Amino acid sequence: MAHHHDLLVFDNVTASYGRRPAVHHVSAVLPCGSLCAILGPNGAGKSTLLKAMMGWLPFEGRILIDGLPAVQHRRRIAYVPQRDGLDTDFPLTVEEVVAQGRFQAIGALAGFTAADRAAVDAAIQELGIDDLRQRPISRLSGGQLQRVLLARALATGADIFLLDEPLNGLDVPSRRELLDQLRRWTTDHERIVLAVLHDLDCLAPWFSHALVLRTHLVAAGPVAEAASPERLREAFGAEVAAPVLPRFSLAGATVRR
Amino acid sequence: MSEMFLWLTEPMSQRFMARALVVTVLLGISGGLVGSVLVLRRLSLVADSFGHALLPGIAIAYLVAGPSLVALFLGGLTAGLITAAASALLTRLTRLKEDASFGALFVCLFAVGAAILSRVAAPADLTHYLFGNILGLGAADARLVALVTTITLVAVALGYRSLLLECFDRGFHRSAGGASVMTHVCILLVAVLNLVAALQAVGVVLALGLFILPAVTAALWCDRFATQLFTAATVGAVGSTIGLFISYHANLPSGACMVGSLGVIFLLSALAGPHGMLVRLVRPPRHLTEDGHEDCAG
């Protein structure tokens, strides 16, 4: 059984599309307050692992939250989809998107209670998007929209967040800002964030943990060990990782935990 | 002013016109709502294929049961469902994408339908199904339209939040415990119901105009989901009613006039609406950075 502080545990997880396993034999332990990067080349099973956590794919093995199967804690998990898939011309304001986070809790017809509105307000305040409340989402930058989606996830009341490529399409200052925010967000409130990443140079100093995949588990654990140059080379192959590694190893030296 | 009054009231002295007016308003409301969901969910082309694919179902129903309304309705519904299932199979089992599967299927079905219908029905009936004839509606047709409009209104009211999430963000809808697949099926089902209901009035080919035009018009005016639905329903009802009156006074086909009238409203909105072309030309879009936020989309 998992230790009290080890909130999220993957125990020998194998998830498959049809009969072909897409990611297999993943074991990892994530404590409260960890910001975990899920890394690996295309087709390594990064998104598959998120889908298994959401209960969208059948899997073998166990995914435990506080020692209980994740399916029993579905409301503690919030999914933050890729921004690319969203229609940003959709007729919605920032506040309306964040309010969607309460839909599951209040059902199809009931109105928002004071508590629901408070949850929406708190999420908006925490993500610092108060001045954007009434703005149509068509007039947001990529970084602002990402914060709106995070606020919606927060408004659900979850404390485990699955982010699918949150940094895609953001320029360097917005990435920094978002990563700073995620870091504070995770450590100050004992939340767990798992983020699928494409760029290795965003790892340090923000992420505390890493889960490196290449359909099988290459490494999992604190970022300095799990995402070491050797492990990344093993996952990405020498050619692909070569231009990234020098930068990463420089940045990796500054990791403080 | 009194001429205008007469222009509006004189047709109402005819029983068939009064009935046509009620049907037009109901179809306009229902079509605007369904169309908005289809447009926002990016299903408008799929709905177009549905409209065409209904024809063989109607033709076969006509062959079997004659011009019975219930039979035509069931025939159209069956054809729609078979199209949906067949294109889902094509998409899954071949390399074709969903839009291509629908596109390929609906022309085949439309051809079959046109061939069968031309053998069993009088030529007048064929153009009737292709382009509609709202002035020939019976009481049973009107009841059918009323029933479908009621179903649509209830579905939108009960499923409002599911529809919003399904259209905007299916991944989040699913993750928040929503019945994403069920919602999708319901959208298609209600769309087919409305297509069949609109068939008598405007015909297979023009039915889609009744859905899509109010929806895209509303999209050019509104920044909220709820107001967009409401506006589309209003535009649908008012626009097609104007078309109906024009059709009566100018002695032109009802379907063409209704869709044409909606088309004019749409074009004016596209030109001069708040999200239209003139605004874009006169006032170029602001840069996000001018709003005092340093981050910028990549």
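A salt bridge is taken here as a side-chain nitrogen of Lys or Arg lying within 4 Å of a carboxyl oxygen of Asp or Glu. In this predicted model, three salt bridges are found by that rule across the interface of chain B and chain A. Between Asp87(A) and Arg42(B) there is a salt bridge whose closest N and O atoms are 3.9 Å apart. Over all chains, the count by this rule comes to 15 salt bridges. Arg133(A) and Glu95(A) are also joined through their side chains, with an N to O distance of 2.6 Å. This pair links distant parts of the chain, the two residues being 38 residues apart. Arg133(A) lies in the loop between helix 4 (114–126) and helix 5 (142–155) of chain A, whereas Glu95(A) belongs to helix 2 (residues 94–99) of chain A.

The size of an interface is often expressed as the accessible area that is lost when the parts come together. For chain B and chain A, about 3,100 Å² is buried between them, with 55% of it on carbon and sulfur atoms. Chain B contributes 30 residues to the contact and chain A contributes 43 residues.

Within chain B, two helix pairs were examined. The axes of helix 3 (residues 44–65) and helix 5 (residues 98–120) of chain B come within 8 Å and cross at roughly 30°. Because angles under 35 degrees count as roughly parallel, helix 3 of chain B is roughly parallel to helix 5 of chain B. The crossing of these two helices of chain B is left-handed. Residues making the contact include Phe50(B), Leu55(B), Pro56(B) and Tyr62(B) of helix 3 of chain B, and Phe102(B), Phe106(B), Phe110(B) and Leu117(B) of helix 5 of chain B. The residues of this contact between helix 3 and helix 5 of chain B comprise 18 nonpolar, three polar and no charged.

The second pair is formed by helix 11 (residues 225–250) and helix 12 (residues 254–272) of chain B, whose axes come within 7 Å and cross at roughly 130°. Helix 11 of chain B is therefore oblique to helix 12 of chain B. Their crossing is right-handed. Among the residues in contact are Gly236(B), Gly239(B), Ser240(B) and Gly243(B) in helix 11 of chain B, together with Ser254(B), Cys257(B), Met258(B) and Ser261(B) in helix 12 of chain B. The contact of helix 11 with helix 12 of chain B divides into eight nonpolar, seven polar and no charged residues.

Note on methods. Residues are numbered from 1 along each chain as its sequence is written. Chains are lettered from A and ligands numbered from 1 in the order in which they are written. This is a predicted model: local features need pLDDT of at least 70, side-chain atom pairs count only at pLDDT 80 or more; totals for chains, interfaces and linings use all residues. Side-chain values use heavy atoms; hydrogens and water are left out. Axes are lines fitted to C-alpha atoms, for helices over the stretch in contact, and angles run from 0 to 180 degrees between N-to-C directions. Helices (H or I, at least four residues) and strands (E, at least two) are DSSP runs, numbered from the N terminus. Angles under 35 degrees count as roughly parallel, over 145 as roughly antiparallel, 65 to 115 as roughly perpendicular and the rest as oblique. A crossing is left-handed if the near helix is turned anticlockwise from the far one by less than a right angle, and right-handed if clockwise. Contact means heavy atoms within 4.5 Å. Ala, Val, Leu, Ile, Met, Phe, Trp, Tyr, Cys and Pro count as nonpolar, Asp, Glu, Lys and Arg as charged, and the others, Gly among them, as polar. Buried area is the accessible area (1.4 Å probe) that two parts lose on being put together, summed over both.
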